[in-house]
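Reader: I would like to go through this model by question and answer. Please begin with the terms.

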Amino acid sequence: LVSGPAQIPSAGVAQGDGSRLWDFSAGLSGDHLVLVETQKLDGKWFASKFPGATYAARLSESSDLLGVFEVGATALVLRGVVSPADGVTKTELTYAPPVVVLDFPVKEGKTWSTASTVTGFAQGVLANYSESYQSQVDAHGTLKAPFGEFPVLRTRVVLTRKIGLVTTVVRSYLFGAECFGTVASFVAKDNATTAEVSEAAE
């Protein structure tokens, strides 16, 4: 269930025991159902570009671009970003080094970072720019979703993208529940300057 812009506080509500409560159970005006799936790389036009990768998955509702991921014993990493189809306007971007999305085991207080150079093609145009990711498992608590309630750990991610002289900062929040994986995510509007925000872009 995905919505576009919405007034939702990323901080949730502090509880007396140090945990937080995030309530994402209420309907939002932009809500619509989306199939979120992990796709096998077999037969994909980009499979040979990313040997050893585990799956591909759509990165956001606002774009059809796919992230190419690899699951290892110690981390989930993002290897690249591609368009669903090959062609003159293809996107085929590779991250060097791959971006650590989750550093296992995930536990509160843990931090990690990746500074990566992104190269390849973006909509058919040669691309070469940098992205840096700062991640921290910074909170725990209960998340209410339409499906039910989950005990979660929140991972806060700050992405800084530099393309030429333009810098864009994207803050996102991932809510992970044991055995279920990521049960909710929250992306702030570009260039938010505070650790907690009151409005989501998605």
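Author: Contact means heavy atoms within 4.5 Å. This is a predicted model, in which local features need pLDDT of at least 70 and side-chain atom pairs count only at pLDDT 80 or more, while totals for chains, interfaces and linings use all residues. Residues are numbered from 1 along each chain as its sequence is written, and side-chain values use heavy atoms, with hydrogens and water left out.

Reader: Among contacts between residues at least 6 apart in sequence, what share joins residues at least 24 apart?

Author: The count takes contacts in the chain between residues at least 6 apart in sequence. Of these, the share that joins residues at least 24 apart is 44%.

Reader: How many helices and strands does the chain have?

Author: Both kinds of element are DSSP runs numbered from the N terminus, with helices being H or I of at least four residues and strands E of at least two. Read along the sequence, the pattern is β-β-β-β-β-β-β-β-β-β-β-β-β. The chain therefore has zero helices and 13 strands.

Reader: What radius of gyration does the chain have, against that of a compact globule?

Author: The radius is taken over C-alpha atoms, and the globule rule is 2.2 Å times the number of residues to the power 0.38. With 202 residues, the rule gives a value near 17 Å, and the chain agrees with it. Along its principal axes the C-alpha trace spans about 55 × 35 × 35 Å. The radius of gyration of the chain is 17 Å.

Reader: What percentage of the residues is buried?

Author: Buried means under 20% relative accessible area, exposed over 50%, and partly exposed in between, with a 1.4 Å probe and protein chains only. Out of the 202 residues in the chain, the buried ones make up 37%.

Reader: Which residues touch the most other members of the largest nonpolar core?

Author: A nonpolar core is a set of buried Ala, Val, Leu, Ile, Met, Phe, Trp, Tyr and Cys residues joined through side-chain atoms within 4.5 Å. The largest one has 19 residues, and those that touch the most other members are Phe69, Leu78, Leu93, Tyr95 and Tyr133. The elements that give two or more residues to this core are strand 4 (55–60), strand 6 (75–82), strand 7 (92–103), strand 8 (111–122), strand 9 (125–145) and strand 10 (148–163).

Reader: Which residues does Val101 contact, leaving aside neighbours within four places in sequence?

Author: Val101 lies in strand 7. The contacts of Val101 are Phe69, Leu76, Val77, Leu78 and Trp112.

Reader: Is Lys110 buried or exposed?

Author: Lys110 is found in the loop between strand 7 and strand 8. Its C-alpha atom is 5.4 Å from that of Val137, which is 27 residues away along the chain. Lys110 is in contact with Asp103, Phe104, Pro105, Ser135, Gln136 and Val137, leaving aside neighbours within four places in sequence. Because its relative accessible area is 17%, Lys110 counts as buried.

Reader: What relative accessible area does Thr155 have?

Author: Thr155 is found in strand 10. Not counting residues up to four places away in sequence, Thr155 touches residues including Leu102, Trp112, Gln136 and Tyr173. Thr155 is buried, and its relative accessible area is 3%.

Reader: Which residues does the cis peptide bond with omega of about -10 degrees join?

Author: Another peptide bond, from Ala96 to Pro97, is cis with omega near -5 degrees, and Pro97 is in strand 7. Pro105 is found in the loop between strand 7 and strand 8. The bond with omega of about -10 degrees joins Phe104 and Pro105.

Reader: Why does Cys179 count as exposed?

Author: Cys179 is in the loop between strand 11 (166–177) and strand 12 (181–187). Its phi is near 75 degrees, a positive value in a residue other than glycine. Cys179 counts as exposed because its relative accessible area is 81%.

Reader: Is Asn191 buried or partly exposed?

Author: Asn191 is found in the loop between strand 12 and strand 13 (199–200). Its phi, near 65 degrees, is positive in a residue other than glycine. With a relative accessible area of 41%, Asn191 is partly exposed.
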